[in-house]
Amino acid sequence: MAEIQLVNVRRRFTAPPSGGSPFARANQSFTGPVAALDGVTLTIPNGKTCAVIGPSGCGKSTLLRVIAGLDADYEGDVRYTGEDVRHLAPGDRNIGMVFQNYALYPHFHGENNLRFFFRVRKAPDAEAEERIRITAEIMGVGFNELLQHKPGILSGGQQQRLAIGRALVRSPQLFLFDEPLSNLDAKLRTQTRIEIKRLLNRFAITAVYVTHDQEEAMALGDQIAVMRAGRIEQVGNYADLRAAPANAFVAGFLGRFPMNLLERVDASGALRTLPATLPIPRDRPLIVGVWPEDLALNTGSSPGVHLAGIVDHLEVDYSRRIQYVRVRTDAGPLTVADAANLRLAEGERVTVELPGNRLFFFDAESEECVGRSA
Ligand code: ATP
């Protein structure tokens with residue numbers, strides 16, 4: 001059990017990554033020194049899971065490597081329950097790590113993959129036996145079967161189960177996951193996600209979970225940290241982030257269909273048509289944000305800003321009975337989440353209605369959220 005704390009952590013790279021295949025190196029475009037972590041301060045409470053999301057290259061893996069001790073070339077502090085761990089090697093931190101590529105020992109059977117940790121520590125056989133037995137019990141149906149085989153003959157999902165079991169067998173104080181499900185197909189991803197959630201709930205082990213998949217982050221993270229260019233832009237649970245995004249970047253990143261951000265609607269004077277009683281900051285240029293779910297099409301009756309546009313693209317989500325309608329307007333493109341039974345065709349003229357009481361306002365320069373009528 002551990003509370004993880006990062007205080008003003010910085011990690012700069014001044015040269016391109018070494019290693020990897022010559023082909024991979026030839027394809028790298030290194031444009032100069034990069035601040036992979038640029039003053040990261042973050043606390044993950046004991047027993048909680050922090051999911052880390054952000055665009056490619058924003059520093060998610062570097063963050064994980066620094067917490068694990070795999071990268072010790074950083075400034076600032078990393079603490080486990082108050083203790084500075086800079087001097088501790090990764091192997092001495094009592095961490096269970098699960099990677100995208102499973103990282104199993106290919107020449108060992110499943111059981112020896114689990115046993116390896118105890119061998120290295122010269123632990124008594126009885127202790128290893130007991131921990132493997134408990135782990136198999138926790139991992140549930142079919143896990144014992146996996147222990148009998150070498151990884152090469154197991155499916156991706158089975159290998160990842162084995163890798164999770166190997167992380168668990170050592171009773172870690174901290175779990176680190178680096179995109180563990182991204183090599184699995186959609187069905188297996190969901191199944192394994194449920195399994196991971198069950199484990200995290202049952203043992204309340206502190207965990208950091210790096211992912212590109214926001215559904216995964218939402219399902220597993222007690223808190224979600226949104227990163228951009230080495231910085232943490234906001235931390236909170238998914239509902240809080242959606243209800244109050246700190247800035248236009250977070251609003252425009254969250255969800256498969258993120259918040260619509262209109263840069264020209266303010267200048268067009270359209271906001272002046274809204275009641276003066278709405279709390280709209282009127283002293284500066286604004287970016288106006290509105291979630292796709294809060295927009296309406298063609299009702300003609302609701303009060304608010306009405307924008308004429310043309311349907312550009314339609315995407316139906318049958319499971320949620322919603323269609324996402326991309327509309328081109330003079331104020332910029334907008335995505336509207338609308339009832340799926342609406343009959344619409346690409347190229348059709350529509351009116352999009354921005355309800356005056358569901359708007360977010362971001363400073364056009366700093367992009368900070370400066371108010372909302374929601
Ligand atoms: P992705 O989602 O694509 O895996 P990420 O968010 O995990 O990306 P990192 O892998 O942490 O991002 O990389 C952050 C930045 O640091 C990137 O610009 C990357 O090119 C750079 N970087 C990472 N590792 C090294 C290294 N060993 N040497 C040089 N630059 C590196």
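Buried means under 20% relative accessible area, exposed over 50%, and partly exposed in between, with a 1.4 Å probe and protein chains only. The model is predicted, so that local features need pLDDT of at least 70 and side-chain atom pairs count only at pLDDT 80 or more, while totals for chains, interfaces and linings use all residues. Residues are numbered from 1 along each chain as its sequence is written, and side-chain values use heavy atoms, with hydrogens and water left out.

**View 1. The loop that holds Asn 101.** Asn 101 lies in the loop between β6 and α3 (110-120), where helices (H or I, at least four residues) and strands (E, at least two) are DSSP runs numbered from the N terminus. With a relative accessible area of 53%, Asn 101 is exposed. From C-alpha to C-alpha, Asn 101 and Ala 35 are 26 Å apart in space, and they are 66 residues apart in sequence.

**View 2. An open sheet of six strands with mixed pairing.** The strand order is β6-β7-β8-β3-β9-β10, two strands being paired if DSSP finds at least two bridges between them. The edge strands, each pairing on one side only, are β6 (95-99) and β10 (231-236). β6 pairs with β7 (residues 174-178) in the parallel sense over five bridges, and Asp 178 in β7 is the bridge partner of Phe 99.

**View 3. Helices α2 and α7 across the strands.** Helix α2 (residues 60-68) lies across β3 (49-53), β6, β7, β8 (206-210) and β9 (223-228), running at about 155° to β7; axes are lines fitted to C-alpha atoms, for helices over the stretch in contact (heavy atoms within 4.5 Å), and angles run from 0 to 180 degrees between N-to-C directions. Helix α7 (residues 186-203) lies across β3, β7 and β8, and runs at about 160° to β7.

**View 4. The packing of α4 on α6.** Helix α4 (residues 125-139) and helix α6 (residues 156-168) pack at an angle of about 130°, with their axes 10 Å apart. The contact is made by Arg 131, Thr 135, Ile 138 and Met 139 of α4, together with Arg 161, Ile 164, Gly 165 and Leu 168 of α6.

**View 5. Positive phi at Asn 8 and Ala 204.** Asn 8, which lies in strand β1 (residues 4-13), has a phi near 45° and is partly exposed at 38% relative accessibility. Ala 204, in the loop between α7 and β8, has a phi near 45° and is partly exposed, with a relative accessible area of 28%.
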